[in-house]
Protein chains: 2
Amino acid sequence: MTGPFRKIVAVLEGQTLSPPPIWLMRQAGRYLPEYRETRSRAGSFLDLCYSPEHAVEVTLQPIRRYKFDAAILFSDILVIPDALKRNVRFVQGEGPQMDPLDVSEVATLRPDGVLDHLSPVIETVRRLRQELPKDTTLLGFCGAPWTVATYMIAGHGTSDQAPARLFSYRNPIAFERLLDILADISAEYLIAQLDAGADAVQIFDSWAGVLGEAEFQRYAVGPVARMVRKVRGARPGARIIAFAKGAGMNLKTYRQGTDANAIGLDWTVPLSFAAELQKDGPVQGNLDPMRVVAGGRAMEEGVDRILQVLGSGPLIFNLGHGITPEADPEHVADLVRLVRGIT
Amino acid sequence: MTGPFRKIVAVLEGQTLSPPPIWLMRQAGRYLPEYRETRSRAGSFLDLCYSPEHAVEVTLQPIRRYKFDAAILFSDILVIPDALKRNVRFVQGEGPQMDPLDVSEVATLRPDGVLDHLSPVIETVRRLRQELPKDTTLLGFCGAPWTVATYMIAGHGTSDQAPARLFSYRNPIAFERLLDILADISAEYLIAQLDAGADAVQIFDSWAGVLGEAEFQRYAVGPVARMVRKVRGARPGARIIAFAKGAGMNLKTYRQGTDANAIGLDWTVPLSFAAELQKDGPVQGNLDPMRVVAGGRAMEEGVDRILQVLGSGPLIFNLGHGITPEADPEHVADLVRLVRGIT
């Protein structure tokens with residue numbers, strides 16, 4: 001007995017599909033008028049994340065419009081610090097904020113209760129699997145420990161996450177403890193998403209690019225490897241995409257180091273290097289989101305290059321970072337047609 | 001007849017010195033109480049840049065304290081857009097701002113008058129050469145066209161300079177024209193600095209890291225190569241350091257592509273890769289500035305690793321990015337002692 005054919009699952013298991021399947025990071029987002037409409041009714045941003053009804057609705061919106069090959073759970077990487085009672089809030093126009101974590105507080109973080117707090121998100125996954133077309137891959141996700149820790153330490157985003165780098169230099173033992181805590185609860189969270197019906201999960205390490213070489217191994221590779229081991233220990237064969245934005249040549253050892261099925265590539269990764277990485281397994285990416293905003297020839301050129309260099313191996317077409325609010329939904333329709341070779 | 005021995009000049013000409021000479025990016029800055037004192041008397045930040053008296057004073061302050069092997073002209077990369085009448089202002093706590101450049105305005109930019117506007121900066125260089133110890137290298141600098149253009153287009157700094165990327169996709173011809181204009185006036189500006197007594201100049205491409213592979217060649221390598229050609233055409237043998245922050249593996253071709261004497265390395269450049277780059281010529285960098293803030297063991301470890309891997313080739317010791325305001329001046333003193341092997 002075989003289930004429905006889900007293209008992104010197939011690529012994650014090593015198949016090459018032509019045309020490649022496509023989804024976009026942040027595909028449920030502000031560039032869509034229907035998202036803005038639901039968002040305005042949902043209350044705060046976190047209310048939206050914790051409302052299965054609304055979160056399911058916004059997750060499905062881009063699937064209805066574009067028939068993307070994957071839906072990704074609508075949520076945020078900062079629900080983990082929120083569940084750890086760090087007083088997370090999303091201030092309009094200012095980005096996320098939370099109480100900055102002092103070194104003395106690391107030992108006070110309480111992982112128990114986190115999954116209870118996140119049960120509405122798991123319920124969203126469950127409903128999504130029921131409501132999605134059978135051939136649409138459902139992706140869960142969470143933030144990587146390093147990236148989540150950078151926000152927890154600074155209390156907000158910064159241009160180069162200097163506060164977390166400094167914390168790690170000053171308090172290496174407490175910092176590794178923090179990463180371990182985050183890795184373990186994030187692994188539990190991903191297991192719950194898989195159990196609720198996610199076909200695969202993506203781990204977002206959005207701030208991997210500010211780490212030096214040794215620190216990348218210790219703080220980006222190590223904790224994600226720990227998560228992969230935990231998730232696969234509990235759910236053998238679990239499919240995992242790891243996306244270390246800005247990691248550059250550190251990606252050479254990232255797949256092997258983390259044992260992820262596929263690695264995500266941001267838009268700065270040279271395609272010749274991407275092709276090398278693809279020899280070891282599936283890759284996902286890496287169109288510059290600004291090419292979608294520009295549309296037309298700039299978008300066509302970007303798509304052509306990616307398909308030319310990576311199209312003959314296991315590829316999940318995606319952007320190199322989340323789609324931005326100013327992207328024209330018509331450009332996204334053009335993009336999907338371009339990738340699928342529909343003229 | 002030979003002049004005084006200037007260590008950083010010697011390294012730029014290919015010599016290996018042990019211990020390596022040292023200076024720090026933003027060494028004249030807010031971490032020094034004497035800088036804050038002068039700054040408070042100087043008026044606005046741009047007033048400080050355009051006052052030879054005050055700019056000389058703050059440039060000399062770190063030389064007096066630490067006897068760094070180079071002094072770097074106190075100025076800012078945004079004096080070029082200021083000279084182009086883009087209404088540059090530095091708003092306390094908000095970073096630099098200027099009038100955002102529309103595509104229709106590129107053709108209206110007037111390079112004539114720029115050097116007149118910048119004559120106080122050139123006067124600062126002249127006075128510095130007179131007042132500096134004879135064996136201290138004097139460095140001039142300017143921003144690279146790509147980086148300066150990113151600020152001009154957005155009107156301010158952004159997290160990933162998406163506005164300039166978008167502008168380049170939408171208006172590739174106008175964008176190249178803008179880069180040409182910036183390259184040409186920046187080259188003239190560097191020539192004037194060299195004529196006033198600078199031993200070498202550094203070109204800062206602080207935002208090179210947000211460019212894709214093809215764009216890096218076109219927008220980072222190309223314009224800097226154009227500048228190097230212009231400067232060396234006018235002043236044969238001119239010594240140039242090119243610093244493309246975040247360029248990662250693109251650095252492989254950066255030295256050859258730009259023909260710079262030395263290349264700067266940010267703190268994320270793996271040391272094994274740095275050693276490869278050093279085989280082709282001098283390198284400068286790359287201690288994480290947060291290690292200086294942390295001080296102690298974290299700083300020692302960082303210094304040791306750099307000296308171990310890069311110390312036996314042509315190296316200018318520096319940070320991987322500017323020193324930050326919260327750095328303790330005592331840690332900087334420790335750093336200088338560590339690099340110079342004084343215990």
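The legends below describe views of a predicted model with chains A and B.

**Figure 1. Overall fold of chain A.** Chain A contains 16 helices and 9 strands. Its radius of gyration is 19 Å, close to the 20 Å that the globule rule gives for 343 residues, so chain A is as compact as a globular protein of that length. Along the principal axes, the C-alpha atoms of chain A fill a box of roughly 60 × 45 × 45 Å.

**Figure 2. Burial and contact range in chain A.** Of the 343 residues in chain A, 55% count as buried. Among the contacts of chain A between residues at least 6 apart in sequence, 74% join residues at least 24 apart.

**Figure 3. Relation between chain A and chain B.** Two copies of a chain are related by a rotation about an axis and a shift along it. Here chain B is superposed on chain A by a rotation of 180° with 0.0 Å of shift along the axis, and the RMSD is 0.0 Å. This is the relation of a two-fold axis.

**Figure 4. The contact between chain B and chain A.** Chain B gives 25 residues to the contact, and chain A gives 25 residues. On the side of chain B that touches chain A, at least two residues come from each of α9 (162-170), α13 and α14 (289-294) of chain B. The largest share of that side, 5 residues, is supplied by α9(B). By class, the side of chain B that touches chain A consists of 14 nonpolar, 6 polar and 5 charged residues. The copies meet through the same surface, because 100% of the interface residues of chain B are also interface residues in chain A.

**Figure 5. Packing of helices α13 and α15 in chain B.** Two packed helices are described by the angle between their axes and the distance between the axes. For helix α13 (residues 271-279) and helix α15 (residues 296-310) of chain B, the axes come within 9 Å and cross at roughly 35°. The crossing of α13(B) with α15(B) is right-handed.

**Figure 6. Residues between α13(B) and α15(B).** On α13(B), the contact is made by B:L271, B:A274, B:A275 and B:Q278. The residues of α15(B) in this contact are B:R305, B:I306, B:V309 and B:L310. By class, the contact of α13(B) with α15(B) has 6 nonpolar, 1 polar and 1 charged residues. Helix α13 of chain B also supplies at least two residues of the side that touches chain A.

Conventions. Residues are numbered from 1 along each chain as its sequence is written. Chains are lettered from A and ligands numbered from 1 in the order in which they are written. This is a predicted model: local features need pLDDT of at least 70, side-chain atom pairs count only at pLDDT 80 or more; totals for chains, interfaces and linings use all residues. Axes are lines fitted to C-alpha atoms, for helices over the stretch in contact, and angles run from 0 to 180 degrees between N-to-C directions. Helices (H or I, at least four residues) and strands (E, at least two) are DSSP runs, numbered from the N terminus. A crossing is left-handed if the near helix is turned anticlockwise from the far one by less than a right angle, and right-handed if clockwise. Two residues are in contact if their C-beta atoms, placed from the backbone, lie within 7 Å. Ala, Val, Leu, Ile, Met, Phe, Trp, Tyr, Cys and Pro count as nonpolar, Asp, Glu, Lys and Arg as charged, and the others, Gly among them, as polar. Copies are superposed by least squares on the C-alpha atoms of residues with pLDDT of at least 70 in both. The radius of gyration is taken over C-alpha atoms; the globule rule is 2.2 Å times the number of residues to the power 0.38. A residue is buried if 20 or more other C-beta atoms lie within 10 Å of its own, exposed if 12 or fewer, and partly exposed in between; C-beta atoms are placed from the backbone.
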